[in-house]
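Subject: Structure handover

Hi,

Here is the structure for you to look over.

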Amino acid sequence: MINKRIIAKAVGGLLALESALMMVCFAISLYFGEPAWQIWTVPIVSALAVGSGLWYYGRKAQHQVGRRDGYFIVGSTWIIFSVFGMLPFLLSHSTGRLAVAFFETISGFTTTGATAFPEVERLPNSLLLWRSLTHWIGGMGIIFFTIAVLPTLGIGEQKVFAAEATGVKIGKLHPRISTTAHWLWSLYFLLTVSCALAYYLCGMSLWDAVNHALSTLSTGGFSTHTDSIGWFQSPLIEYVAVLFMWIASVNFSLTYLFIVKHRVGQVFRDTEYRAYIAISLSAVLVFAVSYFVRFVDFSHLAFTQDGLAHFCREAEISLRSAIFQAVSLQTSTGFTKHDFMIWPSICWLVVMVISFCGGCSGSTSGGVKVVRLVFVAKIVHNEFLRILHPRAVLPIRLGEETVEHAVIRSAVAYLFLYVVLLFFGATCMLLMGFSVLDAFGLTVSSLSNIGPALGYAVGPLGSWDVLPDAAIWLQSFLMLAGRLEIFSLILPFIPAFWRNR
């Protein structure tokens, strides 16, 4: 049976946290002389009022959360956060479409980074910060953040964390989830500060540096400029972005072991990390060769000093562009610099593949996660061996650890559901009149929380406001399903979820 009071208490406490985040944007709005009262008063007061009411209703709840309670808390929290989070977009008159306001907010919290505003520079500064903050909080997880800063909330940290981080291998840093959350969020904060400082030293303004750091470490992709990272025209900024996007896409437990414990060997022995490197290098190679062949003017190449210097410059630009675009897409950050729709068509296939793969488990990146693909590859390998040796016992191993059958079953079930949702979303888009490329490109972008879309309707540099409201609501649902890894969002719709047994 669902424990209504503990759910109300949990959601009430989380809404109080959201109102506190909005107060930061309220202060920024006052600093820049924007109409703070108009934009932020109603959302802050509403979140506080509803949160206080829910907290009061659940104040006497027993601190025991069942599995169903945990899943319901997670799913409802992400939706309620987005409902209150979209109010500033409506009250500031940045958009008059409810679907667009909700889409922008859910895109922020899920770290998808797809925007429905064609010119983000026109948004008030406080809204630009709000977009970045939704990324940063959603990157590591709303519940995970709350466990880190409010360990005494009393909502059964183990159950709600397991519901929000379905299938994620977070690592055994400490027996208590609250302590692990505190350590990882501290690392997350320090990396964000380091990223902001690096951006600032490379030429960004302090305002741009902070906002882009929040988007980079969350692998979100929202920018303060419509042209994204390409607006700065700085190779140094691009290299900094690549470095921190890569760090954020690696299992944070490995990052902790690398930075804090200095266990370099253990990091590079990790099977998922090595597979992730192999996929990324393959994508970079295809992008670099394709870019070089397509865009370099070979008529200027000659065996002279000037000719060799020109060749080196073009090779560096091609390699840098390839690395930036490959890392940005596979980490699901979605910062853009090029319109890859004008790249050779082989690049389109690579874009779809790395968008599907995503980053490592236990990171802020999207996609199906590389570890699941490693599981499937090992299953296929074992099946070939089993054909040759029918009586052999062939366990699935990840490094030196034997993977439990339940974990394998969960990974395969997730991949199946991902494909089902992919075809469901694409079919709905086809029925709305979109082309096959646009239907699958937009659906993969949303479901994998990538941001830039492969297709002509929106494209890598386009705004999603050109889509009809029905398509925007559908993509919002897919973004949330992808971020919560499907199970947490779909489970309450299963009839057995509400039965007493």
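Below is what turned up, from the whole chain down to single residues.

This is a predicted model: local features need pLDDT of at least 70, side-chain atom pairs count only at pLDDT 80 or more, and totals for chains, interfaces and linings use all residues. Residues are numbered from 1 along each chain as its sequence is written, and side-chain values use heavy atoms, with hydrogens and water left out.

Overall picture

The protein chain has 21 helices and two strands. Both are DSSP runs, numbered from the N terminus: helices are H or I with at least four residues, strands are E with at least two. Of the 501 residues, 56% are buried. Buried means under 20% relative accessible area, exposed means over 50%, and partly exposed is in between (1.4 Å probe, protein chains only). The accessible surface is about 21,600 Å², and carbon and sulfur atoms hold 67% of it. Areas come from the Shrake-Rupley method with a 1.4 Å probe; for residues, only the protein chains shown count as cover. Among contacts with a separation of 6 or more, 72% join residues 24 or more positions apart. A contact means heavy atoms within 4.5 Å.

Cores

A nonpolar core here is a set of buried Ala, Val, Leu, Ile, Met, Phe, Trp, Tyr and Cys residues joined through side-chain atoms within 4.5 Å. The largest has 121 residues. Trp40, Trp130, Tyr199, Phe375, Trp464 and Leu467 have the most contacts inside it. Helix H1 (residues 4-31) gives the largest share of this core, 11 residues. A second, separate core has 18 residues, including Val351, Ile354, Ile450 and Leu454. Leu467 is in contact with Arg97, Phe434, Leu442, Val458 and Ile472, leaving aside neighbours within four places in sequence.

Two helices

The expected span of a helix is 1.5 Å times one less than its number of residues. H1 has 28 residues and should span 40 Å; its end C-alpha atoms are 41 Å apart, which agrees. Gly33 follows H1 and has a positive phi, near 70 degrees. Helix H5 (residues 98-109) has 12 residues and should span 16 Å; its ends are 17 Å apart, C-alpha to C-alpha, which agrees. H5 is mostly covered, with 11 of its 12 residues buried. Glu104 is one of the buried residues. Just after H5, Thr111 takes a positive phi of about 60 degrees.

Single residues

Is Ser448 buried or exposed? Ser448 counts as buried because its relative accessibility is 0%. Ser448 lies in the loop between helix H19 (436-447) and helix H20 (469-483). Beyond four places in sequence, its contacts are Ser332, Ser355, Phe356, Gly366, Gly367 and Tyr418.

Met352 lies in helix H16 (residues 345-357). At 23% relative accessibility, Met352 counts as partly exposed. Not counting residues up to four places away, Met352 touches Phe440, Gly441, Val444 and Leu454. Met352 and Leu454 are 102 residues apart in sequence and 7.8 Å apart in space, C-alpha to C-alpha.

Surface patch

Leu197, Tyr200, Leu201, Leu206 and Val210 make a nonpolar surface patch of about 520 Å². Patches use residues with over 30% relative accessible area and no salt bridge; like charges are joined within 9 Å, nonpolar side chains (Val, Leu, Ile, Met, Phe, Trp, Tyr) within 5 Å. A salt bridge is a side-chain nitrogen of Lys or Arg within 4 Å of a carboxyl oxygen of Asp or Glu. Helices H9 (177-201) and H10 (206-217) each supply at least two patch residues. H9 gives the largest share, three residues. Leu201 is in H9, and Leu201 counts as exposed because its relative accessibility is 66%.

Best wishes
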